[in-house]
Amino acid sequence: VRGLSPSKQILHENGDNTLIFEARFESGNLQKVVKVNEFEYQLTLRTDLYTSKYTQWYYFQVSNTQAGMPYRFTIVNFTKRNSLYKRGMRPLLYSEADAKKHNVGWRRTGNEIKYYRNSAGQGGRQYFSLTWTFQFPHNRDTCYFAHCYPYTYSNLQDYLVSISKDPVKSKFCKIHILCHSLARNIVYVLTITNPHEGDKGTKRKAVVLTARVHPGETNSSWIMKGFLDYILGNSGNAQVLRDNFVFKVIPMLNPDGVIVGNHRCSLAGQDLNRKYKSNLKEFYPSIWYTRNMIKRVMEERDIILYCDLHGHNRKKNVFVYGCERKQQAKAPTLHPRVFPLLLSKICPDKFSFPDCHFRVQKSKEGTGRVVMWKMGISNSYTLEAS
């Protein structure tokens with residue numbers, strides 16, 4: 001990542017209890033650490049590459065730990081005024097010792113959590129701090145902290161390899177290369193539908209799902225994995241869906257940003273979810289090829305649903321943003337509120353209809369949701385998850 005490989009830190013003496021920090025690994029993000037006193041550290045996050053902002057995603061390793069001691073960590077350069085850390089969210093921890101001894105993975109942790117405005121800033125931008133206290137469970141452990149459950153490009157590749165090697169799933173899930181990113185990473189597209197005879201397949205309507213245009217929104221990858229686990233499963237409902245629809249799935253739109261640990265941008269330093277109107281194929285290949293692929297599908301069959309999966313940093317619940325004209329068509333099946341309303345009825349504990357919005361704001365005209373809607377897909381959504 002960024003031409004660097006982890007170098008082992010050398011402690012000055014045996015009794016040195018200074019924590020060792022590392023983030024030069026896939027999806028890692030941490031720029032600088034200052035030791036304030038024996039058990040207190042001040043952390044600065046790296047901005048998205050080639051930008052001066054977007055400090056939200058963090059993912060770093062800590063070693064040389066002492067068990068039971070009250071450490072305090074403070075990240076000092078967040079740029080968002082509000083955060084779910086004000087409303088009960090906690091940092092994530094992974095302990096290698098706990099994983100090995102007790103089979104415990106990532107878990108929310110930390111006490112005395114506060115998110116507040118600090119006295120620092122840069123370029124007219126105000127900075128905010130996240131602080132928490134924590135006691136490591138084991139001596140000389142290696143632990144990781146993260147903003148949300150990590151899901152790397154390597155995780156996706158391993159998952160796709162397991163599908164391609166599965167003799168059953170590989171029959172109805174075809175994995176292709178949509179394009180290559182700026183850093184020449186593969187952007188994958190999956191076509192999922194049951195085999196058919198003759199012309200029956202051309203009558204099947206299409207569903208298009210995409211995820212991870214914003215690298216720091218790792219929850220979108222976990223939702224995508226949940227969807228793929230389900231649609232590739234052997235339940236009766238999954239069979240019916242594969243019999244009746246063609247699913248076109250792009251599980252990771254921004255692999256470069258994911259790999260380098262960006263929060264929002266691509267290697268061009270741009271928010272790809274504002275570039276769906278752009279014709280700059282060389283700068284935004286995954287977006288250009290996604291739009292082109294959808295145009296080709298629309299020539300062959302109706303697209304009944306388009307949905308781009310995201311994570312939200314300031315709102316609770318799962319909800320969608322849709323698109324609706326002031327004079328909405330009278331045909332109820334074309335009304336964009338119908339599908340999210342059904343979702344809320346079927347799973348009221350997971351999906352919140354009151355949090356959904358359907359107004360098309362001018363600032364969102366370059367998003368996938370709005371561009372696909374203007375191309376003629378009535379049910380065009382951004383799905384947001386806390």
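**Stop one: the annotated site**

Start by selecting E384, which is buried because its relative accessible area is 8% (buried means under 20%, exposed over 50% and partly exposed in between, with a 1.4 Å probe and protein chains only). Before you go on, note that this is a predicted model, in which local features need pLDDT of at least 70 and side-chain atom pairs count only at pLDDT 80 or more, while totals for chains, interfaces and linings use all residues. Residues are numbered from 1 along each chain as its sequence is written, and side-chain values use heavy atoms, with hydrogens and water left out.

Now show what surrounds E384: leaving aside residues up to four places away in sequence, it touches H310, G311, H312, N317, V318, F319 and Y321, where contact means heavy atoms within 4.5 Å.

**Stop two: a covered strand and its partners**

Select residues 205-211 next. This is strand β13, and six of its seven residues are buried. On one pairing, six bridges link β13 in parallel to β14, residues 245-250 (two strands pair if DSSP finds at least two bridges between them). Within that pairing, V208 has K248 as its bridge partner. Six bridges also join β13 to β15, residues 303-311, again running parallel. Here, pick L209 and look across to C307 in β15, which stands opposite.

**Stop three: an open sheet**

Move on to a sheet of five strands, open and with mixed pairing, in the order β2-β3-β5-β9-β8. At its edges are β2 (32-37) and β8 (111-122), each of which pairs on one side only. From one strand to the next, the twist averages 20°; axes are lines fitted to C-alpha atoms, for helices over the stretch in contact, and angles run from 0 to 180 degrees between N-to-C directions. Zoom in on β8, which seven bridges join to antiparallel β9, residues 125-134. Selecting Y116 shows S129 of β9 opposite.

**Stop four: a helix residue**

W373 sits in helix α9, residues 368-374, and counts as buried because its relative accessibility is 10%. Its contacts, not counting residues up to four places away in sequence, are C323, E324, R325, V360, S378 and S380.

**Stop five: rings and charges**

How many aromatic pairs does a search of the whole structure find? There are 35. For one example, select Y58 and F60: their ring centres are 6.2 Å apart and their planes lie at 40°, so this pair is tilted (rings of Phe, Tyr and Trp, the last by its six-membered ring, pair if their centres lie within 6.5 Å; planes under 30 degrees apart are stacked, over 60 edge-to-face and the rest tilted). Y58 is buried at 0% relative accessibility, and F60 is buried with a relative accessible area of 0%.

Finish with two charges over rings, meaning NZ of Lys or CZ of Arg within 6 Å of the ring centre and within 35 degrees of the ring normal. R242 lies over the face of F172, 3.8 Å from the ring centre. Then select K281, whose charged end sits over the ring of W288 at 4.5 Å from its centre.

Note on methods
Helices (H or I, at least four residues) and strands (E, at least two) are DSSP runs, numbered from the N terminus.
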